[in-house]
Amino acid sequence: MLPAIHDFLQSETPAAWIDAALANQDILLLDHKNCEYKAATNALNLMAKYCTREVLMNAMSRLAREELVHHEQVMKLMKKRGVALRTLSASRYAAGLRQMVRRTEPGMLTDILVISAFIEARSCERFHALYPHLDEELSKFYKGLLESEGRHFTGYLKLAHLYGDSDDIAERINAIRPVEQALILNPDTEFRFHSGPPL
């Protein structure tokens, strides 16, 4: 699945971000925990907003449960490693992507699903870029997440094609991709799971 993800993203995590992740593993885990919670929340919000779409409802219910399991797993790792829970500001990544969402249907649903696919694809790409550099326990955990994150990526795209128009989806992917790439490649003042390389 990684070739398909790299083809979809068309950009790779900068080496400087990996260096920052290794130097800030407490923040990496804290923000990863937050990302899993937000992914579950996104799925639940889609269920609430599009409650008449049975396939979407079932898919998002399964996804939300899986993301919350990941949230709990990260919490256990944090506790084992002595990483205290604390408030952490969000990165600009998700908010920057959300600015691309159209305000009317059916474009709104298409954009939410495509953006969700980008987020899951980038998470998968980051896990793959990062796990060879981590200690055995964390490396095994992140490598183990690759399959589920890749499955979420393809799941969101399948839903987009189920409920949207293929030509419109292709256009939106091409429109959103450079925005996603800029958020990942441009320097950031704070390190986060989906931040760019540090300034």
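A pocket, on a 1 Å grid over the protein atoms alone, is an open set of points where a 1.4 Å probe fits, with protein on both sides within 12 Å along at least five of seven lines, and its lining residues have an atom within 4 Å of a point. This report describes a predicted model, in which local features need pLDDT of at least 70, side-chain atom pairs count only at pLDDT 80 or more, and totals for chains, interfaces and linings use all residues. Residues are numbered from 1 along each chain as its sequence is written, and side-chain values use heavy atoms, with hydrogens and water left out.

**Overall build**

The protein has 8 helices and 0 strands; helices (H or I, at least four residues) and strands (E, at least two) are DSSP runs, numbered from the N terminus. The C-alpha atoms fill a box of roughly 45 × 30 × 30 Å, taken along the principal axes. The radius of gyration is 16 Å, which agrees with the value near 16 Å for a compact globule of 199 residues. This radius is taken over C-alpha atoms, and the globule rule is 2.2 Å times the number of residues to the power 0.38.

A volume is the space filled by probe spheres set on the grid points, which are joined across faces, edges and corners. For the linings, Ala, Val, Leu, Ile, Met, Phe, Trp, Tyr, Cys and Pro count as nonpolar, Asp, Glu, Lys and Arg as charged, and the others, Gly among them, as polar.

| Pocket | Volume | Lining residues by type |
|---|---|---|
| Largest | About 760 Å³ | 16 nonpolar, 8 polar, 9 charged |

The largest pocket holds about 760 Å³ of space. Its lining has 33 residues, of which K38, N42, A94, R98 and I119 are the closest to the pocket centre. Two or more lining residues come from each of α3 (25-49), α4 (54-80), α5 (93-98), α6 (107-130) and α7 (136-163). The most, 11 residues, come from α3.

The lining of the second largest pocket includes A59, M60, R151 and H152. Both α4 and α7 supply at least two residues of this lining, and α7 has the largest share, with 7 residues.

**Helix α7**

From first C-alpha to last, the 28 residues of α7 reach 42 Å, close to the expected 40 Å. The expected span is 1.5 Å times one less than the number of residues. A kink of about 30° in α7 is centred on L146; the bend at a residue is the angle between axes fitted to the seven residues ending there and the seven starting there. At the start of α7, a side-chain oxygen of D135 comes to within 3.2 Å of the backbone nitrogen of E137.

Notes. Polar contact = N/O pair within 3.5 Å; in protein donor to acceptor, adjacent residues only side chain to side chain.
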